[in-house]
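Me: I would like to go through this structure with you. Could we settle the terms as we go?

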Amino acid sequence: MALRNILKEGDETLLKHCRPVTAFNDRLHILLDDMAETMMDAEGVGLAAPQVGILRRAVIVLETNVDEGEEPYIIELINPELIETGGEQEGPEGCLSVPGVYGWVKRPDYVKVRAQDRNGDFFEVEGVGLTARAFCHEIEHLDGHLFLEVSEHIMSDEELEAYYAQDGEA
């Protein structure tokens with residue numbers, strides 16, 4: 001595995017539509033493994049292939065909704081499609097490609113995704129809360145969109161600090 005460079009806002013690659021993955025081979029497996037290492041090193045909760053310069057429909061998301069004593073784990077989604085959404089959540093959202101910037105974003109609180117795994121087998125996965133947010137955010141990357149487009153406003157450092165101070169007391 002290797003760390004890959006995360007492209008930053010302003011790089012034209014981030015604005016391009018990704019092609020479907022058609023070859024489920026060692027090259028894809030290396031990409032997914034590298035993406036996982038890169039995301040964890042950057043302390044992210046999701047990463048899409050275009051963020052590392054690969055215009056293919058592949059994303060990874062860290063599932064943090066785990067039982068006490070269990071470790072978060074990575075969900076790999078190849079050619080993902082949102083097939084169901086429900087509820088609503090809103091709050092600060094950031095992106096590894098837009099470091100240090102957070103926007104106020106509304107997202108579904110529940111999402112169901114149909115995708116393929118690294119071997120090409122189809123499956124469905126559900127996400128709630130942060131996982132649902134990450135599924136939506138990462139899938140938008142595959143169509144050349146950044147969270148800034150759906151953000152109601154960019155949060156100041158003071159707003160962000162106040163939000164997390166209030167959230168921590170609740």
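Reply: Contact here means heavy atoms within 4.5 Å. This is a predicted model, in which local features need pLDDT of at least 70 and side-chain atom pairs count only at pLDDT 80 or more, while totals for chains, interfaces and linings use all residues. Residues are numbered from 1 along each chain as its sequence is written, and side-chain values use heavy atoms, with hydrogens and water left out.

Me: Which residues does Arg107 touch, not counting residues up to four places away in sequence?

Reply: Arg107 touches Gly87, Glu88, Gln89, Glu93, Arg133, Cys136, His137, Glu140, Phe147 and Val150.

Me: Where is Arg107 found, and is Arg107 buried or exposed?

Reply: Arg107 is found in strand β5. Helices (H or I, at least four residues) and strands (E, at least two) are DSSP runs, numbered from the N terminus. Arg107 counts as buried because its relative accessibility is 5%. Buried means under 20% relative accessible area, exposed means over 50%, and partly exposed lies in between (1.4 Å probe, protein chains only).

Me: Which residues are linked with Arg107 in a network of salt bridges?

Reply: Glu93, Arg133 and Glu140 are linked with Arg107 in that network. A salt bridge is a side-chain nitrogen of Lys or Arg within 4 Å of a carboxyl oxygen of Asp or Glu.

Me: Why can such side chains pair?

Reply: Side chains of opposite charge can pair when their charged atoms come close.

Me: How many salt bridges does the count come to?

Reply: The count comes to 10 salt bridges by this rule. One of them joins the side chains of Arg4 and Asp34, at 3.0 Å from N to O. Arg4 lies in the segment before α1 (26-41) and Asp34 in helix α1, so this pair ties together parts that are 30 residues apart in sequence.

Me: How exposed are the two partners, Arg4 and Asp34?

Reply: Arg4 has 27% relative accessibility and therefore counts as partly exposed. Asp34, at 6% relative accessibility, counts as buried.

Me: What about Glu152 and Lys106, how do their side chains meet?

Reply: The side chains of Glu152 and Lys106 meet in a salt bridge of 3.6 Å, N to O. This pair links distant parts of the chain, with Glu152 in the loop between α2 (130-142) and β8 (153-154) and Lys106 in strand β5 (residues 98-107), 46 residues apart. Glu152 is partly exposed, with a relative accessible area of 48%, and Lys106 counts as partly exposed at 42% relative accessibility.

Me: And Glu124 with Lys112, what is the N to O distance?

Reply: Their salt bridge has an N to O distance of 3.9 Å. Glu124 is in strand β7 (residues 122-128) and Lys112 in strand β6 (residues 110-116), 12 residues apart, and the pair links distant parts of the chain. Glu124 is partly exposed, with a relative accessible area of 47%, whereas Lys112 is buried, with a relative accessible area of 19%.

Me: Changing topic: what is Val59 in contact with, leaving aside its neighbours within four places in sequence?

Reply: Val59 is in contact with Met35, Leu47, Ala48, Ile75, Glu76, Leu77, Pro80, Glu138 and Leu142. Val59 is found in strand β2 (residues 58-63) and is buried, with a relative accessible area of 0%. Val59 and Ala48 are 11 residues apart in sequence and 4.2 Å apart in space, C-alpha to C-alpha.

Me: What is the phi of Glu43, and of Asn79?

Reply: Glu43 has a positive phi of about 60° although it is not a glycine. Asn79 also is a residue other than glycine, with a positive phi near 50°.

Me: Where are they, and is Glu43 buried or exposed?

Reply: Glu43 is found in the loop between α1 and β1 (46-48) and is exposed, with a relative accessible area of 73%. Asn79 lies in strand β3 (residues 73-86) and is buried, with a relative accessible area of 14%.

Me: Last topic: which residues form the negative surface patch?

Reply: Asp157, Glu158, Glu159 and Glu161 form that patch. Patches are made of residues with over 30% relative accessible area and no salt bridge, with like charges joined within 9 Å and nonpolar side chains (Val, Leu, Ile, Met, Phe, Trp, Tyr) within 5 Å. Glu161 lies in helix α3 (residues 157-169) and counts as exposed at 62% relative accessibility. Asp157 is found in helix α3 and counts as exposed at 59% relative accessibility.

Terms used: Areas by Shrake-Rupley, 256 points an atom, 1.4 Å probe, with all protein chains shown as cover. Lys, Arg positive; Asp, Glu negative; His and termini not counted. Charge placed at Lys NZ, Arg CZ, Asp CG, Glu CD.
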